[in-house]
Amino acid sequence: MKKYKADVVVIGAGAGGLAAAIEVKEADLSVLIIERDKELGGITLQCIHNGFGLKEFEEELTGPEYAQRFINKVIEKKIPYILDTMVIEITKDKKLYAVNKKEGLIEVEAKAIILAMGCREKTRGAINIPGFRPAGIYTAGQAQRFVNIEGYLPGNTYVILGSGDIGMIMARRLTWEGCTVKAVVEIQPYVSGLLRNQVQCLEDYGIPLITSYTVTRIHGRDRVKGVSIAKISKDYDRIIGSEKFIECDTLLLSVGLIPENELTLQAGAELSKNGGPVVDEELETTIEGIFACGNVLQVHDLVDMVTAEAKRAGKNAIEYINSRYGKELKKKELIKCVPGENVNYLKPDIINKQNLSEEIIFTFRVKYPDRRVLIQFKDQNNSIIYKKKKIYVIPSEMLELNINLEESGINQDCKSITIEVIPRPEVLIEED
Amino acid sequence: MSESSVSVVKVIRCIVCPTGCQIKVISKGSEITFEGYTCKKGLEYAKQEFYEPKRILTTTIRVEDGFLPLIPVRSNIPILKDKLRDALNEIAQAEIKAPIKMGDILIENILELDVNIIASRDLGRS
């Protein structure tokens, strides 16, 4: 069995993995990237549209251009990587087992591991649409790969279920390739992707966006012949009599992304409600020396934010190797972070008390849209630690707050922090 | 129609930030005014969108002897919105030989619009 060794092993060569690996290499530690695809770059390679890089490079790039800049850096810095290789096991003492066609089973020994495996799309099975199993049902990202990388069109006339960004971007892409997109159907009463995509991908081409509707049946035995859609009530019940038939030969699903954490679970790390690993403010999972960043931790809106998070994971892995690796350190005293009212999930899940004097980056999403809200941090005794006003919150926009909890006056016996997004009391509204 | 008749000729949804202001384009005689924007950037966006809407075009071109069958491409600068379809039709006719480097000009001065179609990534030979 071929053996590899590196200070830090990065799993996944997408936007997260590449940025993390570069960060580690710049600190003169050895790093190895393992990637299951046949080239470096990850999903941004198939996102050929523009809109990337505004934060990281202060210019607007396409997905492949964004990826290429990091790939060029990996090559320039001679960072080793193995392609076509699937990691199949991570052990607690940070050995990895992986397989590829050339070498068979390989073993990699690391001091620290950075998880950057990204996320995957929810499929038809996750939303249970009745009907046969004809050809012509794809996830939006799968269709994106066919159209943009492999050079196939999955069909001619489409219905897209879900108004996430990938779904809307594919609506425009397919229109540009000469296909017809009959409708984008969204179960929520509001669009779930960015406004910019709603305007530039749907409204520009007169593609109908049908909100508060979902696909209730797929018609066709061998090939999709159409879909039935029905209006959905506030309680997510189908409204009888509201069904409509739309003829199409392809149904694309853009119904959500799930962090891909089978390896993380298998390694014995805890996962939290959002499907990503439980991490502390240093992005370290519940296994010492294993860090997580990018969409494997939480699904981001912008690749620029993945890059920023990956750099943090890289820095923290370096810090771990330089100060904690191989030393027995006393057990950490932890504060739990709990999602409260209108908070879907939040990161970090736990905070080490010894780091309270430093700025902590909190990222979270709301469950439903709201206006004129108050974001509030409370301890277990309901004492308010921190509050901030915000004009508008929507689930599709990840919120980020950098807070120094000690300066905010956190109590030393704080055991848990609840974060809530609540309507502002009347008095505060008048102050605006 | 009298000189002073006022009408909303277009409603533009601002995409500069998530607030999404509805900006009305109002025609009063020969004068055009904008209403409903809440910031300077919004007004600029609405003006551009009304007088000369442009978009960056991103698509793919067929590749001969490439590591992949397609290369993702973009227009180096935004293209007039009503020229996008013609540009796409012209791009669909093209085929480029690998290897290609990011930034290579694959179609120069497309439709004589002073816009180049450039490669979005490196692409080696198969």
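## A chat about buried residues and salt bridges

Q: Is A:Arg173 buried or exposed?

A: A:Arg173 is buried, because its relative accessible area is 5%, where buried means under 20%, exposed means over 50%, and partly exposed is anything in between, with a 1.4 Å probe and only the protein chains counted.

Q: Before we go on, what sort of model is this, and how are things numbered?

A: This is a predicted model, in which local features need pLDDT of at least 70 and side-chain atom pairs count only at pLDDT 80 or more, while totals for chains, interfaces and linings use all residues. Residues are numbered from 1 along each chain as its sequence is written, chains are lettered from A and ligands numbered from 1 in the order in which they are written, and side-chain values use heavy atoms, with hydrogens and water left out.

Q: Ok, where does A:Arg173 lie, and what does A:Arg173 touch?

A: A:Arg173 lies in helix H5 of chain A, which covers residues 165–176; helices are DSSP runs of H or I with at least four residues, strands are runs of E with at least two, and both are numbered from the N terminus. Leaving out residues up to four places away in sequence, A:Arg173 touches A:Ile48, A:Val147 and A:Asn148 in chain A, together with B:Thr58, B:Thr59 and B:Thr60 in chain B, where contact means heavy atoms within 4.5 Å.

Q: What about B:Arg121 and A:Glu39?

A: Their side chains meet in a salt bridge of 2.5 Å, N to O. That pair crosses between chains, from B:Arg121 in the segment after strand E10 (117–119) of chain B to A:Glu39 in the loop between strand E2 (31–34) and strand E3 (50–52) of chain A, and both residues are buried.

Q: How many salt bridges does the structure hold over all chains, and what does A:Glu23 pair with?

A: There are 30 salt bridges over all chains. The side chain of A:Glu23 meets that of A:Lys315 in a salt bridge of 3.2 Å, N to O, and the pair links distant parts of the chain, with A:Glu23 in helix H1 (residues 15–26) and A:Lys315 in helix H8 (residues 303–323), 292 residues apart. A:Glu23 counts as buried because its relative accessibility is 14%.

Q: And what does A:Glu262 do?

A: A:Glu262 and A:Arg120 meet through their side chains in a salt bridge of 2.8 Å, N to O. A:Glu262 is in helix H7 (residues 262–267) and A:Arg120 in strand E9 (residues 119–121), 142 residues apart. A:Glu262 counts as partly exposed because its relative accessibility is 46%, and A:Arg120 is partly exposed too, with a relative accessible area of 35%. Salt bridges that share partners join A:Arg36, A:Arg120, A:Glu260 and A:Glu262 into one network.

Q: Back to H1, how buried is A:Leu18, and what does A:Leu18 touch?

A: A:Leu18 lies in helix H1 of chain A and is buried, because its relative accessible area is 1%. Not counting residues up to four places away in sequence, its contacts include A:Ile33, A:Leu40, A:Phe70, A:Ile71 and A:Val74.

Q: Last one: which residues of H4(A) are buried, and what follows H4(A)?

A: The buried residues are A:Ala140, A:Gly141, A:Ala143, A:Gln144, A:Val147, A:Asn148 and A:Ile149. What covers them includes H5 of chain A and strand E5 (58–64) of chain B. H4(A) is followed by A:Gly151, whose phi is positive, near 80 degrees.

Conventions:
A salt bridge is a side-chain nitrogen of Lys or Arg within 4 Å of a carboxyl oxygen of Asp or Glu.
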